[in-house]
Amino acid sequence: MQLFKAIRDHDMKSLPAIKRGDTFGATCTYKENKVPVSVADLSISCQIRDPDTKELVSEMVITKANQEQSVGVFHLSPTNPDTSDWPVKTLIADIEISQGGVIRSTQTFRIPVYEDVTQ
């Protein structure tokens, strides 16, 4: 399963770092055999967790793009857009996609979170 248009130019194991308090989101493209596939009938979920405690940092909201215009594209954003309480550390996440009882997950990826300097 290949997913990340947002991090295509980066190592899939890690998203670009964010500063705590900044807006977080990622645009992804679901692909099978390197070809974008519609996500219209797929169930997609994602959670961000603390790697040490496995505590949930944020459940993610999945917004699917118009699949006729942008096949396979969906956007991830936190249920609470305020990231000012996120821990300053490298968090972990994966994306789970299911259809017809078949569940597949991406590899676990990292989200580095740094302390904001400008308050």
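The secondary structure comes to zero helices and 10 strands, where helices (H or I, at least four residues) and strands (E, at least two) are DSSP runs, numbered from the N terminus. The model is predicted: local features need pLDDT of at least 70 and side-chain atom pairs count only at pLDDT 80 or more, while totals for chains, interfaces and linings use all residues. Residues are numbered from 1 along each chain as its sequence is written, and side-chain values use heavy atoms, with hydrogens and water left out.

Of the 119 residues of the protein, 32% count as buried. Buried denotes under 20% relative accessible area, exposed over 50%, and partly exposed the range in between (1.4 Å probe, protein chains only). The protein exposes about 7100 Å², of which carbon and sulfur atoms supply 45%; accessible areas come from the Shrake-Rupley method with a 1.4 Å probe, and for residues only the protein chains shown count as cover. Among contacts (heavy atoms within 4.5 Å) between residues at least 6 apart in sequence, 61% join residues at least 24 apart.

A pair of aromatic rings is described by the distance of the centres and the angle of the planes. Rings of Phe, Tyr and Trp (its six-membered ring) were taken to pair if their centres lie within 6.5 Å, with planes under 30 degrees apart counted as stacked, over 60 as edge-to-face and the rest as tilted. By this rule the count comes to one aromatic pair. It is formed by Phe24 and Trp86 and is tilted, at 5.6 Å centre to centre and 55 degrees between the planes. The pair links distant parts of the chain, 62 residues apart: Phe24 lies in the loop between strand 1 (18-19) and strand 2 (26-29), and Trp86 in the loop between strand 7 (73-78) and strand 8 (90-99). Both Phe24 and Trp86 are buried.

Rolling a probe the size of a water molecule over the atoms shows where empty space is left. A cavity was defined on a 1 Å grid over the protein atoms alone as a set of points where a 1.4 Å probe fits but cannot get out, and lining residues have an atom within 4 Å of a point. Grid points are joined across faces, edges and corners, and a volume is the space filled by probe spheres set on the points. The count comes to one cavity of 30 Å³ or more. The largest cavity has a volume of about 30 Å³ and is lined by Leu15, Phe24, Ala26, Cys46, Ile48, Met60, Leu76, Phe109 and Ile111. Strand 5 and strand 10 (109-114) are the elements that give two or more residues to this lining. The lining residues divide into nine nonpolar, no polar and no charged, with Ala, Val, Leu, Ile, Met, Phe, Trp, Tyr, Cys and Pro counted as nonpolar, Asp, Glu, Lys and Arg as charged, and the others, Gly among them, as polar.

Ile111, one of the lining residues, is found in strand 10 and counts as buried at 0% relative accessibility. Beyond residues up to four places away in sequence, Ile111 touches Leu15, Phe24, Ile48, Lys89, Thr90, Leu91 and Ala93. Ile111 and Leu91 are 20 residues apart in sequence, and their C-alpha atoms are 5.0 Å apart in space. Ile95, in strand 8, is likewise buried, at 0% relative accessibility.

Lys64, in strand 6, is partly exposed, with a relative accessible area of 34%. Not counting residues up to four places away in sequence, Lys64 touches Val39, Ala40, Leu42, Ile44, Val73 and Phe74. From Lys64 to Cys28 the C-alpha distance is 9.6 Å, at 36 residues apart in sequence.

Most residues other than glycine have a negative phi, and most peptide bonds are trans. Lys34 has a positive phi, near 70 degrees; this residue lies in the loop between strand 3 (31-32) and strand 4 (35-36) and counts as exposed at 65% relative accessibility. Lys54 also has a positive phi, of about 65 degrees. Lys54 lies in the loop between strand 5 and strand 6 and counts as partly exposed at 48% relative accessibility. Glu55 is placed in the loop between strand 5 (43-49) and strand 6 (56-64) and is exposed, with a relative accessible area of 54%. Its contacts, apart from residues up to four places away in sequence, are Ile48, Arg49 and Asp50.

Terms used:
1 Å grid on protein atoms, 1.4 Å probe; cavity = no way out; pocket = protein on both sides within 12 Å on 5 of 7 lines; lining within 4 Å.
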